[in-house]
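Please consult the sequence and the model alongside the text.

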Amino acid sequence: MRRQDAAATAGETPYYRQGRRYERKMNYPSSLKYTKDDEWLKVEGDTGVVGITDYAQNALGDIVFVELPKVGAEITAGKPFGTVESVKAVSELFAPANGTVTAINDELANAPEKVNQDPYGAWMIKIKLKDKGEAGKLMSSADYEKYAAERG
Amino acid sequence: MSSVAEASPTLRKTALNPVHRQMGAKMVDFGGWDMPVEYPATGGVLAEHLAVRTGVGIFDVSHMGDIRFTGPQALNAVQHISMNDAARLVPGQAHYSAMLYPEATFVDDIIVHKIGDEHYLFVINAGTREKDAGWVEQNVGGFRCKAENVSDDYTQIAIQGPKGQALLQKLTDVDLSPIKNYWFTFGTVCGLKNTMIARTGYTGEDGFEIYIPADPATSARVWHEVLKAGKEFGAIPCGLGARNTLRLEAKMALYGHEISEKINVFEAGLDRWCKLEKPEFIGKPALERIKAQGVKRTLVGLEMIERGIARDGYPIVDDSGSQIGCVTSGSVAPFLKKNIALAYVPPDKAEIGSVLNVEIRGQKVKAKVVPTPFYKRPKK
């Protein structure tokens with residue numbers, strides 16, 4: 001995920017506790033792999049499930065639009081495969097691995113807020129992985145957590 | 001994520017800046033100002049927008065500037081430099097207006113408040129403060145009138161929404177109910193005597209703006225008192241993100257988008273606030289010429305028919321893909337639950353119901369021209 005404009009910056013840690021977001025520690029499941037563009041990849045056999053991270057949804061704010069490729073589309077590691085839009089910002093989604101799209105999460109067309117509510121449940125696409133070994137090039141949850149923290 | 005950070009020293013800050021940071025606001029550079037775009041802990045843009053439409057929201061709008069005109073020829077100076085007819089105002093009344101270049105394009109849009117017969121106050125945009133002050137200085141020198149940039153004197157807090165009056169009434173001795181839209185008065189607010197209370201705003205909703213001293217302690221005290229008084233009405237702090245989507249639903253112009261030094265009054269559709277019958281003002285000869293000649297582009301409201309959000313700067317294209325216009329502001333409309341935009345298009349494409357293409361990431365996405373404002377608040 002990479003922002004297309006410079007409209008907004010990352011937020012600060014609030015001390016308020018009654019809130020909707022921010023009230024919990026960012027969550028990065030150890031069963032997933034992570035890109036520097038803030039996507040996650042879950043490997044299930046030769047299928048890869050792709051979404052955006054807790055850090056990403058939090059930095060974006062209220063997500064109002066998700067645009068995904070069609071089933072059958074070829075996606076290339078590191079290249080854009082879709083778009084996610086918050087109220088203010090348009091960001092591209094970047095493929096964590098090479099593969100062919102086998103399913104998209106249609107639910108997000110009408111309920112994009114699910115990405116804010118549950119970034120790991122609200123997967124975006126499933127791909128048939130060209131090479132399962134590619135997942136090894138991505139960050140572990142511990143490395144990603146460090147990477148996210150560095151950016152504040 | 002880091003701990004509560006300090007604003008970059010090159011950005012300007014309002015007196016409430018530390019309060020926003022304490023409240024966990026997401027801060028952005030807005031025209032050189034370090035301003036809250038949203039308060040994720042208590043709202044977020046969508047919730048803040050809806051609070052203003054259905055309850056009440058509180059905004060720090062101290063980045064807005066103020067220019068005070070005083071002296072025997074204050075009215076003459078105001079009349080010369082602004083397009084609306086300030087002679088029609090009585091003390092306690094305000095109106096929307098603009099300062100124009102001789103080409104009839106915009107220096108800035110403003111609200112003119114008549115405080116007394118020899119005393120007017122312009123409220124101007126944040127990003128144009130210095131330009132506006134320079135323009136005023138350059139153009140009113142010939143009048144027996146003092147024009148002062150008093151922008152830094154005030155913390156300006158906007159209390160916006162159908163519950164705004166009930167909230168503010170708890171904090172003031174002034175009876176707010178007789179104050180009409182675009183009128184103002186002075187009274188005690190949160191113990192501060194002689195506070196300007198105006199029934200104005202930039203949200204398309206009923207509401208008030210109060211002007212209090214800009215010292216940080218007073219500003220923070222009043223901000224917290226307003227939020228506390230608003231608790232029973234569900235008041236939440238609102239950032240510039242919601243301010244933008246609110247003003248867009250209400251089709252209020254944003255400088256640098258719908259209006260600029262390249263766009264004239266007739267193109268922007270703001271001629272209602274331009275009084276050509278006034279004997280003289282900067283821009284009038286050009287306006288008369290444009291009125292006779294007609295315009296080559298006009299501002300329209302768009303509602304997306306197909307999936308997609310039109311964003312600022314996206315091209316409007318004909319079926320062959322040639323650009324015929326441009327989006328000036330576009331967003332999801334959180335209250336209307338539609339994707340809307342404002343765009344300049346040729347007048348022959350501006351008819352209500354016309355279907356146009358917005359180019360979004362290389363794809364033509366259909367939108368239709370709809371009546372504006374997109375949102376009009378219900379009459380009481």
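Two residues are in contact if their C-beta atoms, placed from the backbone, lie within 7 Å. Axes are lines fitted to C-alpha atoms, for helices over the stretch in contact, and angles run from 0 to 180 degrees between N-to-C directions. Helices (H or I, at least four residues) and strands (E, at least two) are DSSP runs numbered from the N terminus. The model is predicted: local features need pLDDT of at least 70, side-chain atom pairs count only at pLDDT 80 or more, and totals for chains, interfaces and linings use all residues. Residues are numbered from 1 along each chain as its sequence is written, while chains are lettered from A and ligands numbered from 1 in the order in which they are written.

**Overall fold**
- Chain B contains 9 helices and 19 strands.
- Of contacts in chain B between residues at least 6 apart in sequence, 66% link residues at least 24 apart.

**The sheet**
- Five strands of chain B make an open, antiparallel sheet in the order β5-β6-β7-β4-β8, where strands pair if DSSP finds at least two bridges between them.
- Its edge strands, β5 (93-100) and β8 (146-149) of chain B, each pair on one side only.
- β5(B) pairs with β6 (residues 106-116) of chain B in the antiparallel sense over 8 bridges, and Ala94(B) has His113(B) in β6(B) as its bridge partner.

**Helices on the sheet**
- Helix α3 (residues 74-81) of chain B packs on the sheet, touching β4 (65-70), β5, β6, β7 (119-124) and β8 of chain B; its direction makes about 135° with that of β4(B).
- Helix α4 (residues 129-139) of chain B lies across β4, β5, β6, β7 and β8 of chain B, and runs at about 15° to β4(B).
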